[in-house]
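Subject: Structure handover

Hello,

Here is the structure for your files. My notes on what was found in it follow below.

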Amino acid sequence: TLSRATHEMSEQNSELTRKLEESSSEINELRTHLESIRTESLTDSLTGIANRKQFDNMLRFRIQESRSLNYPFSLAICDIDHFKGFNDAWGHQTGDQVIRFVAATLDRLALKDHLVARYGGEEFVIIMPRVTINDAIPTLERMRRAIEVKKLKRKSTGDCLGNVTISMGVTELLKSDSSSTFIRRADEHLYAAKRSGRNRVVSDHPARSAA
């Protein structure tokens with residue numbers, strides 16, 4: 001009787017172990033699936049960089065961090081120059097190719113803890129924590145020049161598309177800023193760059209702005 005009871009208990013333990021392993025596997029698969037969904041929800045499908053939702057979340061976090069730890073914080077907005085005309089001339093698929101190229105260049109040249117996001121259409125934003133505006137401008141200039149010097153080709157035909165340029169506006173967080181005023185000021189500098197000839201960086205300090 002004791003032997004039989006021991007055998008039955010052993011079988012029950014084996015069955016319980018099997019079910020626990022199955023449950024653990026299912027939980028891991030679910031966790032992986034949920035993480036994949038979360039990543040997709042925060043990633044721009046065209047470029048693979050952060051999307052507007054991830055930008056909004058990170059901007060709030062970095063503003064709080066900047067104020068609680070007394071760090072500088074700069075924000076840049078950039079836009080591809082004359083993109084509509086380029087899109088009309090070469091088509092939307094080639095336009096998408098240009099957007100991917102610009103996104104990849106910005107992301108490659110951004111510092112490790114910076115966030116490059118697609119803000120909408122041909123517009124991008126760069127969150128630059130622990131960076132003053134004087135330190136932000138050289139980084140943005142490297143990005144602008146890297147894009148300016150690249151001669152693009154149409155993948156499908158090999159046709160030379162020429163060069164594209166970007167305009168950029170950058171500002172540093174003020175004590176009085178909300179998220180909206182911070183973004184608005186960077187946007188105003190972007191449009192100042194557009195009005196003054198494009199292919200340039202305009203900042204809070206006009207003397208440091210570069211073309």
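**Salt bridges**

Arg 52 and Asp 56 form a salt bridge, with their closest N and O atoms 3.6 Å apart; the term stands for a side-chain nitrogen of Lys or Arg within 4 Å of a carboxyl oxygen of Asp or Glu. This is a predicted model, so local features need pLDDT of at least 70 and side-chain atom pairs count only at pLDDT 80 or more, while totals for chains, interfaces and linings use all residues. Residues are numbered from 1 along each chain as its sequence is written, and side-chain values use heavy atoms, with hydrogens and water left out.

Because Arg 52 and Asp 56 are four residues apart in helix 2 (residues 52-69), about one helical turn separates them. Helices (H or I, at least four residues) and strands (E, at least two) are DSSP runs, numbered from the N terminus. Arg 52 is partly exposed, at a relative accessible area of 39%, and Asp 56 is partly exposed as well, at 28%. Buried means under 20% relative accessible area, exposed over 50%, and partly exposed in between (1.4 Å probe, protein chains only).

Helix 2 also holds Arg 62 and Glu 65, three residues apart, whose side chains meet in a salt bridge of 2.9 Å, N to O. Both Glu 65 and Arg 62 are buried. A network of salt bridges links Arg 62, Glu 65, Asp 113 and Arg 130. In helix 5 (residues 133-148), Glu 141 and Arg 144 are three residues apart; their salt bridge is 3.0 Å, N to O, and both are buried. The count comes to 13 salt bridges.

**Strands**

Strand 3 (residues 123-129) runs antiparallel to strand 2 (residues 115-120), joined by five bridges, and antiparallel to strand 1 (residues 73-80), joined by seven. Strands pair if DSSP finds at least two bridges between them. Arg 118 has Phe 124 as its bridge partner in strand 3, and Ile 77 stands opposite Val 125. The hairpin of strand 2 and strand 3 has two residues between the strands, and Gly 121 takes a positive phi near 60° there. Five of the six residues of strand 2 are buried, as are seven of seven in strand 3.

**Helix packing**

Helix 3 (residues 83-90) and helix 4 (residues 92-109) pack at about 135°, with their axes 7 Å apart. Axes are lines fitted to C-alpha atoms, for helices over the stretch in contact, and angles run from 0 to 180 degrees between N-to-C directions.

Regards
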